[in-house]
Amino acid sequence: MAKQVQDVPQVLVLSPPACFTLLESISCHKFHYLKAWECNSDIPLDQFLTTHGGSFRALVTSTNDPKITAGILRRLPFLGLIVTSSVGLDHIDLPECRRRGIAIANAPNLFSDDVADLAVVLLVDVLRKISGADRYVRRGIWADTGLGGKRVGIVGLGNIGKEVAKRLEAMGCNMSYNSRQQKPFVSYPFYPNVAQLAENNDVLIVCCTLSDQTRHLIDKEVLSKLGRDGVIINVARGAVIDEFGFWWKEGSKDEPHVPQELFALDNVVLSPHAAPFTAESFMALSELIVANLEAFFMNKPLVSPVN
């Protein structure tokens, strides 16, 4: 094992991404992954990094990791690459990485199909009350709502938002959207703010990334404009929504610690933030992480760099 560690590059992993078991199984002959969670149980992370951080040029992270702060980066003096298993980057101190010349690679397009599929499934479920059918039948409630003809607004028309819109348009929905800027080649009506989008739709599907600008983007004003019969599907990060008063959410802003008040609400259905957790996505993600690590250690361009 000592010879193997010396012969292959070492990669630091502070806590395991969801795909880590598969990632390690397909690439342990190429990289030695130092699993910090197995090594630092008896000492604080800062002390662990102070002692061992000079050995690593690459770091694999995810949104479940400790945030990659300037303090952590200072303890990794030779770090040249961060590979995150997520699309979002809010867990990484980007200005500090730019200042130090640390490259970042993420997974920008891998999850679009799986997340879009789940968004559509959630919408069909909440309108047709599929998951609540047993509870409603026992109460003698039979009414539900169809999907065709519904006005659906997409919040964030990026890769995932476009895939959601494509699926729902084919199912007879009338699409519109809000995004950071109007898309010149998109025919759907554009609304410059989310409150206007909500006022003109029956459903909002939230697909935007989490940032300082989008935190609590879906607030009381938006909910009021959407109306009591409106539906929200959130396949973005939980903190995009101010959590009380909406119909359906995928993930909580403090996951896995869900506010107890939500459990008592009939108009909320909770799901873990696990839309892309499919076997196909895990394999594609693992292969992408390996490809970025290989490119970095061979001084080649990254496969999915963050600009």
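Me: I have the model open. In what order do the five strands of the open sheet stand, and is the pairing parallel or antiparallel?

Reply: Good place to start, and keep in mind that this is a predicted model. In general, strands of a sheet pair through backbone hydrogen bonds, either parallel or antiparallel. Here the order is β2-β1-β3-β4-β5, and the pairing is parallel.

Me: Which strands stand at the edges?

Reply: Those are β2 and β5 (103-105). Each has a single partner strand, so one side of each is left without a neighbour in the sheet. As you go from one strand to the next, the twist averages 25°.

Me: How many bridges join β3 to β4?

Reply: Four bridges link β3 (residues 58-61) with β4 (residues 81-84), and the two strands run parallel.

Me: Now a helix on its own. Which residues of α4 are buried?

Reply: First the general idea: an α-helix has 3.6 residues a turn, so residues three or four places apart point the same way. In α4 (residues 45-52), the buried residues are Leu45, Phe48 and Leu49. They lie on the same side of α4 because they cover an arc of only 95° around the axis.

Me: And what is on the other side of α4?

Reply: There you will find Thr50 and Thr51, both exposed.

Me: What covers the buried residues of α4?

Reply: The cover includes the strands β1 (10-13) and β2 (32-35), along with the helices α3 (36-39) and α5 (70-74).

Definitions and conventions: Residues are numbered from 1 along each chain as its sequence is written. This is a predicted model: local features need pLDDT of at least 70, side-chain atom pairs count only at pLDDT 80 or more; totals for chains, interfaces and linings use all residues. Side-chain values use heavy atoms; hydrogens and water are left out. Buried means under 20% relative accessible area, exposed over 50%, partly exposed in between (1.4 Å probe, protein chains only). The arc is that of the directions from the helix axis to the C-beta atoms. Contact means heavy atoms within 4.5 Å. Two strands pair if DSSP finds at least two bridges between them. Axes are lines fitted to C-alpha atoms, for helices over the stretch in contact, and angles run from 0 to 180 degrees between N-to-C directions.
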